[in-house]
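User: Could we go through the ligand site and the pockets of this model together?

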Amino acid sequence: GYFGEYGGQIIPPELKVAMDKISDAYETVRQTRAFQDELQELYTHYVGRPSPIYFAKKLTERQGGARIFIKREDLNHTGAHKINHCLGQALLAKFMGKTKVIAETGAGQHGVAMATACALVGLPCEIHMGVIDIEKEHPNVTKMKILGATLIPVTRGTQTLKDAVDSAFDEYVKDPDNFLYAIGSAVGPHPFPKMVRDFQMIIGKESREQFLAREKKLPDMIVACVGGGSNSIGMFTEFLPDESVRLVGVEPAGKGLDTPDNAATMTLGTKGTLHGYKCYALQDKDGNTLPVYSIASGLDYPGVGPQHCYLKDMGRVQYESATDQECLDAFITLSRVEGIIPALESAHAVAYAMRAAKELGKDKTILVNLSGRGDKDADFVADYLNL
Ligand SMILES: Cc1ncc(COP(=O)(O)O)c(/C=N/[C@H](C(=O)O)[C@@H](O)C(C)C)c1O
């Protein structure tokens, strides 16, 4: 369960037993035809995969440089990439005879995706969400209730994502035999980073095939936003052996890297432990997690997945950042130039791609992973910008 020195299971022994049971069940289930066929069937007819790759012609012309392509994970059922691993985890819970699935959410996309998958497989679903995020991501909160999930408002700490993870984990440890903790990103103790990555790898598998079929060559650069790291690792993994493909993860610089109001873990973090695994984390000199911020609820997480930490040290992935302002500019530009309203999280990747397109030549190509759609953010942005 390690990626170099990162990852592992920094958890109490009794939890290790539960984690190893999940890992064993997962490694068994994933090999069976029944599981693979059911997941593929749902990807095709329920999620609507493969998601298209769209050539953003007008945005390309506006930037005047590299050609920009967009992988449309925003078109998945529930509106983001999260459904890819939520379906996998819900099927796994069913296979293991679990009686309840527990998850955390920040942007609400993971919560909606988990509530959707549990409704489909017929399992009770409990979602822990910080009250700050409940307020901000209200459309997703309503959907979780309609889908039959139990929403647990989290009032501890900063009342955002990290606290939701802590709260969800506290509930899970009450009965790890009957509950499955379905973490929302490629983070947490082994096996979660590997399991979530495996389920998200469908993004990169499709993209490599689609791009080669269309362009007869690989993209020069692939860009994805990084919160915990699931949509990005899902896109990047297939391309890791392709040295010619530059891989860029974009984190939130929030109000600026020179302010405490950001969540640029890979730029400002140090080696530490968070939520049961070793990673880079935004922490003080005593190892206490620092409060983080981003205009995008899905990115304001003080850690990052262990495989990303390994890829950073290996120099295979470049980690950049985009400020709230750049994110909002990209959000509005993509909406008004291409008619695609991105999630605020995904807009961080668009912001970097718009910047990079100008620097790369017209003969170069950039593939952006649009991890989700912006319906959940529309009211917030409209108010923020006085539209
Ligand atoms: C549309 C969209 N794009 C990117 C992200 C960042 O999560 P990663 O892909 O795991 O880095 C997110 C993260 N959303 C989670 C959520 O919806 O609950 C997040 O807040 C937590 C699960 C980590 C997202 O919603």
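Predicted model: local features only at pLDDT ≥ 70, side-chain atom pairs only at ≥ 80, totals over all residues.

User: How many residues surround the ligand, and which are the closest?

Analyst: The ligand is surrounded by 27 residues, where a residue counts if one of its heavy atoms lies within 4 Å of the molecule. The closest are Thr105, Ser185, Gly227, Ser230 and Ser371.

User: What is that shell like by class?

Analyst: It comprises 17 polar, 7 nonpolar and 3 charged residues. Here Ala, Val, Leu, Ile, Met, Phe, Trp, Tyr, Cys and Pro count as nonpolar, Asp, Glu, Lys and Arg as charged, and the others, Gly among them, as polar.

User: Where does an oxygen atom of the ligand lie 2.7 Å from a backbone N or O atom?

Analyst: That backbone atom belongs to Gly229. A polar backbone atom of Gly106 is 2.9 Å from a ligand oxygen, and an N or O atom in the side chain of Lys82 is 3.3 Å from a ligand oxygen. A polar contact is a pair of N or O atoms within 3.5 Å.

User: How much of the ligand does the protein bury?

Analyst: The protein buries 99% of the 540 Å² that the ligand exposes when taken alone, by the Shrake-Rupley method with a 1.4 Å probe.

User: Where does the ligand sit?

Analyst: It sits in the largest cavity, meaning that more than half of its atoms lie within 2 Å of the grid points. On a 1 Å grid over the protein atoms alone, a cavity is a set of points where a 1.4 Å probe fits but cannot get out, while a pocket is an open set with protein on both sides within 12 Å along at least five of seven lines.

User: Changing topic, which element gives the most to the lining of the largest pocket?

Analyst: Helix H2 (33-47) gives the most, with 5 residues. Lining residues have an atom within 4 Å of a point. Among them are Tyr26, Arg30 and Lys205.

Definitions and conventions. Residues numbered from 1 in each chain as written. Heavy atoms only, no water. Polar contact = N/O pair within 3.5 Å; in protein donor to acceptor, adjacent residues only side chain to side chain. Helix = DSSP H or I, 4+ residues; strand = E, 2+ residues; numbered from the N terminus.
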